[in-house]
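Come along and check each entry with me.

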Amino acid sequence: MLIPSTILVLLVWSGLPSAAQAQPSDECVILFHGLARSSSSMKPIARRLEAEGYQVVNVDYPSRDFTVQALAGAHVPQGIASCRATDATRIHFVTHSLGGILVRHYLKDHPVPDLGRVVMLAPPNQGSEVVDDWKEAPGYAWLNGPAGQQLGTDAQSVPLQLGPVTYPVGIIAGTRTVNPLLSQSLPNPDDGKVSVARTKVRGMTDHIEVPHSHTFIMRSATVQDQILHFLQHEAFAREPADA
């Protein structure tokens with residue numbers, strides 16, 4: 001049955017991806033959510049990537065139950081295997097918060113020959129002072145589990161033991177908070193969980209700041225645009241300098 005031309009016009013102007021726009025891709029993106037979250041939190045990014053033709057593996061892992069080492073060892077190779085099962089020839093990662101630390105931990109000792117690019121949203125790459133100030137508070141260990149206690153800035157900090165990255169990494173840091181109490185533990189600017197300064201890591205390819213909070217940064221269409229730009233160009237999009 002033919003589709004009336006008026007409906008076709010509406011589809012084009014709605015901005016929704018059509019079957020003609022989304023071409024099959026041999027590139028796969030593995031998504032890793034943050035601490036005390038689930039794969040549902042990464043669904044907005046998954047939908048956007050799929051609309052652009054990427055294969056997507058949205059990993060769900062028990063972030064509150066195990067250490068960084070155990071989570072990375074079990075779930076990063078699981079994601080890689082799932083991507084390779086799609087016959088992808090190039091594998092990317094997009095992570096939120098703790099997810100970035102898991103990927104860094106795994107890639108430190110396990111090179112991935114078909115690795116493409118890595119985009120990290122709000123990663124505690126140098127730990128977070130929130131952990132330093134709050135890990136002894138009642139309920140913290142229950143809420144955040146073993147991995148949540150490893151993300152501070154002291155000698156036991158797992159992120160600080162990982163060294164520089166040696167692959168293309170783009171970092172998107174938030175500058176707004178919906179948790180002013182936790183922000184008191186952080187130097188400004190911060191996203192309510194991590195300061196902008198501590199999202200950075202030696203060897204990173206690019207770094208940008210966006211006016212979003214740690215909790216909701218993945219929902220932003222602008223952030224999703226930047227993720228796609230980095231995956232495609234190994235750099236974030238920036239406005240031309242004023243003449």
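Here are my entries on the disulfide, an aspartate, and some backbone angles.

**Entry 1: the disulfide**

I kept in mind from the start that this is a predicted model. How many disulfides does the structure hold? I found 1. This disulfide joins Cys-28 to Cys-83, and I noted an S to S distance of 1.9 Å. I then looked up where the two partners sit. Cys-28 belongs to strand β1 and Cys-83 to helix α3, so the link ties together parts that are 55 residues apart in sequence. The angle about the S-S bond is -80°, and I wrote the link down as left-handed.

Are the two cysteines buried or exposed? Cys-28 has a relative accessible area of 0%, so I call Cys-28 buried. Cys-83 also comes out at 0% relative accessibility and counts as buried.

**Entry 2: Asp-114**

Next I went to Asp-114, which I found in the loop between α4 (98-109) and β4 (115-121). I had to check the cut-off here: buried means under 20% relative accessible area. Asp-114 has 16% relative accessibility, so this residue counts as buried.

Which side chain does the side chain of Asp-114 meet in a polar contact? I found the side chain of Arg-84, at 2.8 Å. I also listed the contacts of Asp-114, leaving aside its neighbours within four places in sequence: Arg-84, Thr-89, Arg-90 and Ile-91.

**Entry 3: positive phi**

I reminded myself that most residues other than glycine have a negative phi. Then I looked at two residues that go the other way.

Ala-36 is not a glycine, yet its phi is positive, about 60°. I located Ala-36 in the loop between β1 (27-32) and α2 (43-51). Its relative accessibility is 36%, so I put Ala-36 down as partly exposed.

Asp-87 also has a positive phi, near 70°, and is a residue other than glycine. Asp-87 is in the loop between α3 (68-84) and β3 (90-96). Is Asp-87 buried or exposed? Its relative accessible area is 63%, so I marked Asp-87 as exposed.

**Entry 4: a cis peptide bond**

My last stop was a peptide bond, and I recalled that most peptide bonds are trans. What is the bond from Asn-188 to Pro-189? I found it to be cis, with omega near -5°. I placed Pro-189 in the loop between α7 (180-183) and β6 (206-210).

Definitions and conventions
Residues numbered from 1 in each chain as written. Predicted model: local features only at pLDDT ≥ 70, side-chain atom pairs only at ≥ 80, totals over all residues. Heavy atoms only, no water. Helix = DSSP H or I, 4+ residues; strand = E, 2+ residues; numbered from the N terminus. Buried < 20%, exposed > 50% of the residue type's maximum accessible area, 1.4 Å probe, protein only. Polar contact = N/O pair within 3.5 Å; in protein donor to acceptor, adjacent residues only side chain to side chain. Contact = heavy atoms within 4.5 Å. Disulfide = S-S within 2.5 Å.
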